[in-house]
Amino acid sequence: STFFRLASLYTDSFLLISGMLTAYSLTKILKRGGRINVVKEYASRYLRIMPPLAILIIFCTFVLPLMGNGPLYNLVVTHHSDLCKRNWWKNLLFIHNWFGFGNMCLTHTHHIGIDTMLFWVAPFLVILIYKLRWRGVQVVLALAAVSTAMRYHIAIKYELSNFITFN
C-alpha cells in the first residue's frame with residue numbers, strides 16, 4: 001500500500017522529466033535560430049496525446065464494464081464508466097483535473113491534465129529564460145516559490161495529507 005500512497009511522488013517525477021524534455025526541445029529550436037511556433041507546438045502535442053486517451057476512455061466506458069463481475073466490480077468499474085459517460089469531454093480538453101477526483105473520468109490520467117497546463121506556459125518561460133538569462137531564471141524561481149507557498153497554504157488550510165489514504 002505504501003507504493004500507491006506515495007503516488008504523488010511519482011507524478012512529480014513525471015512532471016519534472018516532462019518539463020525538462022519540453023525545455024530541451026524548445027531551447028534546441030531557439031539555438032538553431034528558429035522561432036517557437038506556439039500554435040504548432042500546442043497542436044502537435046494535442047494530436048499526439050488525445051487519440052490514445054480517447055481510445056482509453058472508450059474502452060473504459062463501454063468495453064470494460066462488460067468484461068467482468070464480482071461484488072465490487074460494479075461499484076468501481078460501472079461507477080467510473082458512468083463518470084466517463086458524463087465527463088469524457090473534460091479529459092479530451094485536458095481540464096479534467098480542475099473538477100476534483102470525485103467527478104473525474106479516469107482519475108489515473110490526472111497528471112496528463114497537469115502536464116498539459118504546464119505545457120501551455122512552457123514556451124513563454126523558455127523564451128523568457130533564453131532571452132533574458134538571469135532575469136528569466138529569477139522570474140521562474142519566483143513563480144516556483146509562489147506556487148510552492150500556495151500549495152503549502154492550501155495543504156495547511158484544508159488539512160490535506162501529502163499521501164493518499166484509503167480510509
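This is a predicted model: local features need pLDDT of at least 70, side-chain atom pairs count only at pLDDT 80 or more; totals for chains, interfaces and linings use all residues.
Let's start inside. The largest nonpolar core has 11 residues: Met50, Leu53, Ala54, Ile57, Cys60, Cys84, Leu92, Phe94, Cys105, Leu106 and Ile112. Two elements, H3 and H4, each give two or more residues to this core, and H3 gives the most, with 5 residues. Setting aside neighbours within four places in sequence, Leu92 is in contact with Tyr46, Met50, Leu53, Ala54 and Ile57. Apart from this core lies another one, made of 8 residues, including Ile29, Leu30, Phe119 and Val126.

Now for some charge. Side chains of opposite charge can pair when their charged atoms come close. In this model the count comes to 1 salt bridge. Asp115 pairs with Arg45, and their closest N and O atoms sit 2.3 Å apart. Asp115 belongs to helix H5 and Arg45 to helix H3 (residues 38-63), so the bridge ties together parts that are 70 residues apart in sequence. Where do Asp115 and Arg45 sit, buried or exposed? Both Asp115 and Arg45 are buried.

Next, follow the chain from H5 into H6. These two helices pack at an angle of about 145°, and their axes are 5 Å apart. On the H5 side of the contact you'll find Leu125, Leu128, Ile129 and Leu132, which meet Trp134, Arg135, Gly136, Val137, Val139, Val140 and Leu143 in H6. By type, the residues of this contact split into 9 nonpolar, 1 polar and 1 charged.

Most residues other than glycine have a negative phi. Arg133 isn't a glycine, yet its phi is positive, at about 50°. You'll find Arg133 in the loop between H5 and helix H6 (134-157). With a relative accessibility of 53%, Arg133 counts as exposed, because the cut-off for that is over 50%.

Phe94 is the other case to look at: its phi is near 60°, again a positive value in a residue other than glycine. Phe94 lies in the loop between helix H4 (73-92) and helix H5 (110-132). Is Phe94 buried or exposed? Its relative accessible area is 4%, so Phe94 is buried, the limit being under 20%.

Terms used:
Residues are numbered from 1 along each chain as its sequence is written. Side-chain values use heavy atoms; hydrogens and water are left out. Helices (H or I, at least four residues) and strands (E, at least two) are DSSP runs, numbered from the N terminus. Buried means under 20% relative accessible area, exposed over 50%, partly exposed in between (1.4 Å probe, protein chains only). A salt bridge is a side-chain nitrogen of Lys or Arg within 4 Å of a carboxyl oxygen of Asp or Glu. Axes are lines fitted to C-alpha atoms, for helices over the stretch in contact, and angles run from 0 to 180 degrees between N-to-C directions. Contact means heavy atoms within 4.5 Å. Ala, Val, Leu, Ile, Met, Phe, Trp, Tyr, Cys and Pro count as nonpolar, Asp, Glu, Lys and Arg as charged, and the others, Gly among them, as polar. A nonpolar core is a set of buried Ala, Val, Leu, Ile, Met, Phe, Trp, Tyr and Cys residues joined through side-chain atoms within 4.5 Å.
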